Amino acid sequence: MFDSRLRPLLAPALNAAARRLDVPWITPNRLTSLNLLLGLASAALAAGQLWVPALAAWLLCRLADGLDGPLARLRAAHIAGTGQDDAGQGGFWDISADFIVYGATVVGVAVGATAGYDAGWLPFLLVLFGYYINGSVFLAFSSIAERSGRQLDDGRSLSFLGGLAEGAETVVVHSLWLLFPAFAGHIALVWAVLVSLSAGQRVVAGFRALR
């Protein structure tokens, strides 16, 4: 919901950081791999009820995810006209890592919250179900939109359909249940509702866009 507004505000800082990271041994794919490792670490720490380290790993994971795109675009500008193009590979690896991280962190919090605070599993299962629908819809839309020439170009590798629950909201919610694990189940239930509404919104928006 807020991604389209936040992206232009964060872009100058992220682009400046990407310029500082533009050294040979740092690549966009390595930043994506770091994002994946930190996300999995956050999930494992949450499962072990180490909530503060899990939060730190989660925020660093999201920072790495925010920097791989700007660095990729910077590198693409450097190699323009050379015939080299790994944008497709990078985009694939980025979305793959994000899906793994989102799923793993939900499971990690669910394990820790149920063990430490007797939270129920159902809210977290509903969140995963909502993630599944959202991911399926936007990947299907992106593929069909590209083939039909109706892709939405916002600088990212895939065509993203906006919704109530986007990247910024996900960062906030995942941070909240790490900050307040005793209420993680309640937070997950509310989040599941928002993610499900967002899924419905994307289904309708995608269907209309492809008419």
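Analyst: A definition to begin with: rings of Phe, Tyr and Trp, with the six-membered ring used for Trp, pair if their centres lie within 6.5 Å. Note also that this is a predicted model.

User: How many aromatic pairs does that rule give?
Analyst: The count by this rule is 3 aromatic pairs. One of them is formed by Phe124 and Trp177, with 5.9 Å centre to centre and 55° between the planes.

User: What is that pair called, stacked, edge-to-face or tilted?
Analyst: The pair of Phe124 and Trp177 is tilted. Planes under 30 degrees apart would count as stacked and planes over 60 as edge-to-face, so 55° falls in the rest.

User: Which helices do Phe124 and Trp177 lie in?
Analyst: Phe124 is in helix H5 and Trp177 is in helix H6, residues 167-179. The pair therefore ties together parts that are 53 residues apart in sequence.

User: Buried or exposed, those two?
Analyst: Phe124 counts as buried, at 1% relative accessibility. Trp177 is buried too, with a relative accessible area of 0%.

User: Stepping back, what is the secondary structure of the protein?
Analyst: There are 7 helices and 0 strands. From the N terminus on, the elements run α-α-α-α-α-α-α. The protein has 211 residues, and buried residues make up 39% of them.

User: Tell me about H5. How many residues has it, and what does it reach?
Analyst: H5 covers residues 122-148, which is 27 residues. From its first C-alpha to its last it reaches 39 Å, close to the 39 Å expected at 1.5 Å a residue.

User: Which residues of H5 are buried?
Analyst: Among them are Pro123, Phe124, Val127, Tyr131, Phe138 and Phe141. The buried residues of H5 also include Gly130, Asn134, Gly135 and Ser142.

User: And how do H5 and H7 cross?
Analyst: The axes of H5 and H7, residues 184-209, come within 8 Å and cross at roughly 20°. Angles under 35 degrees count as roughly parallel, so H5 and H7 are roughly parallel to each other. The crossing of H5 and H7 is left-handed.

User: What residues, by class, make up the contact of H5 with H7?
Analyst: The contact has 17 nonpolar, 5 polar and 1 charged residues.

User: What about H7 itself, which of its residues are buried?
Analyst: The buried residues of H7 include Ile187, Trp191, Val195, Arg202 and Gly206. H7 has 26 residues and reaches 36 Å from its first C-alpha to its last, close to the 38 Å expected.

User: Back to H6. What should its 13 residues span?
Analyst: At 1.5 Å a residue, H6 should span 18 Å, and its end C-alpha atoms are 18 Å apart, which agrees. Among the buried residues of H6 are Glu169, Val173, His174, Trp177 and Leu178.

User: New topic, loops. Where is Gln49, and what is its phi?
Analyst: Gln49 is in the loop between helix H2 (28-47) and helix H3 (51-78). Gln49 has a positive phi of about 65°, although it is not a glycine. Gln49 is partly exposed, with a relative accessible area of 34%.

User: And Asp118, where is that found?
Analyst: Asp118 is found in the loop between helix H4 (87-117) and H5. Asp118 has a positive phi of about 55°, and it is not a glycine.

User: Is Asp118 buried or exposed?
Analyst: Asp118 counts as exposed, at 71% relative accessibility. The cut-off for exposed is over 50% relative accessible area.

Methods. Residues numbered from 1 in each chain as written. Predicted model: local features only at pLDDT ≥ 70, side-chain atom pairs only at ≥ 80, totals over all residues. Heavy atoms only, no water. Helix = DSSP H or I, 4+ residues; strand = E, 2+ residues; numbered from the N terminus. Expected span 1.5 Å × (residues − 1). Buried < 20%, exposed > 50% of the residue type's maximum accessible area, 1.4 Å probe, protein only. Axes fitted to C-alpha atoms, helices over the stretch in contact; angles between N-to-C directions. Parallel < 35°, antiparallel > 145°, perpendicular 65-115°, else oblique. Left-handed = near helix turned anticlockwise from the far one by under 90°. Nonpolar A, V, L, I, M, F, W, Y, C, P; charged D, E, K, R; others polar.
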